[in-house]
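User: I'd like to go through the aromatic contacts in this one. Can you take my questions as they come?

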Amino acid sequence: MVERIHSEIVRGWPEADLSRFPVDRFRHLEETGSTNDDLLARARSGGVSPYDLVAAEFQTRGRGRRGDRWEATPGRNLLFSLALPLGGERHLWPRLPHLTAWIVGSAVESILGPGYRLQAKWPNDLLHEGRKLAGILVEIVLAPEPYAIVGIGLNVNLREEELPPDLQPIATSLYELIGCESSRWFLLGQIVQGFLRHYPEKTADFGTVLEWIRPRDFLAGQRLSVRSGRDWFAGYARGIGDDGELLLETGAGDLITIVSAEEIRRE
Ligand code: BTN
């Protein structure tokens with residue numbers, strides 16, 4: 001089974017990429033607690049290698065940001081985590097969620113075709129017309145080796161009626177947008193190849209990512225209340241800074257940069 005899915009993932013890849021993602025880098029699980037937890041545990045015990053990937057059909061303890069639950073119907077979506085080795089340049093680490101949004105969003109847009117444009121909701125959701133299509137959870141392990149565990153939940157073949165009623169107006173899937181099923185493994189292959197090609201280079205050479213994110217900035221112009229640490233800031237979202245920060249206009253001409261936030265409320 002793992003071999004079959006792996007060969008679907010790498011179908012069409014050039015030889016150079018193939019050698020960096022051999023079958024023993026890939027695990028496919030019918031069920032797990034959380035693919036992020038699986039890779040975090042391996043990273044903490046020193047048992048992880050660059051581009052290790054865990055994908056699951058179902059998670060019993062899937063996690064979103066701020067400890068939210070991430071629930072998904074078995075077998076319909078992509079639920080996976082990827083291990084990326086971190087270099088010493090810590091100031092580049094906050095750029096990772098944006099790099100991920102760019103790689104995942106570009107792969108999805110190439111399936112959707114030119115009539116569609118996704119929205120990037122700072123710091124790391126992908127939406128279509130305000131409805132969530134994908135969530136990204138980046139977690140860092142510092143020792144024994146620094147790694148980022150990049151977890152992605154992407155709604156691929158999910159039907160709207162399979163969502164809980166409260167999520168139906170605010171979530172969507174590729175299936176709902178184009179009306180037919182997509183190959184989850186082909187899509188995963190596009191995403192993994194994106195990381196193999198662009199990580200870590202595009203975290204330093206960040207212009208391409210910003211060029212993609214800025215015109216898709218979902219929050220731009222909206223009035224927000226943002227909690228960062230213990231402090232709340234209120235103001236209008238005024239775009240994305242050069243390092244991927246949220247720019248917030250808090251008063252006449254006062255622009256602050258928010259690097260990370262625990263809560264964002266739209267007013
Ligand atoms: C969010 O929107 O808050 C982020 C959601 C991230 C969900 C993915 S699913 C695969 C991986 N494993 C998890 O437990 N979470 C991430």
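User: What makes W13, F21 and F26 one aromatic cluster?
Analyst: Keep in mind that this is a predicted model. By the pairing rule there are 2 aromatic pairs. One joins W13 and F21, with ring centres 5.8 Å apart, within the 6.5 Å cut-off. The other joins F21 and F26, whose centres are 6.5 Å apart. F21 sits in both pairs, and W13, F21 and F26 form one cluster.

User: Why is the pair of W13 and F21 called tilted?
Analyst: Their planes are at 45°. Stacked needs under 30 degrees and edge-to-face needs over 60, so what's left is tilted.

User: How do you know whether W13, F21 and F26 are buried or exposed?
Analyst: Buried means under 20% relative accessible area. W13 comes out at 7%, F26 at 3% and F21 at 0%, so each of them counts as buried.

User: What makes you say the charged end of R159 sits over the ring of Y175?
Analyst: The charged end of R159 is 3.9 Å from the ring centre of Y175, and the limit is 6 Å, along with an angle within 35 degrees of the ring normal.

Note on methods. Residues are numbered from 1 along each chain as its sequence is written. This is a predicted model: local features need pLDDT of at least 70, side-chain atom pairs count only at pLDDT 80 or more; totals for chains, interfaces and linings use all residues. Side-chain values use heavy atoms; hydrogens and water are left out. Rings of Phe, Tyr and Trp (its six-membered ring) pair if their centres lie within 6.5 Å; planes under 30 degrees apart count as stacked, over 60 as edge-to-face and the rest as tilted. Buried means under 20% relative accessible area, exposed over 50%, partly exposed in between (1.4 Å probe, protein chains only).
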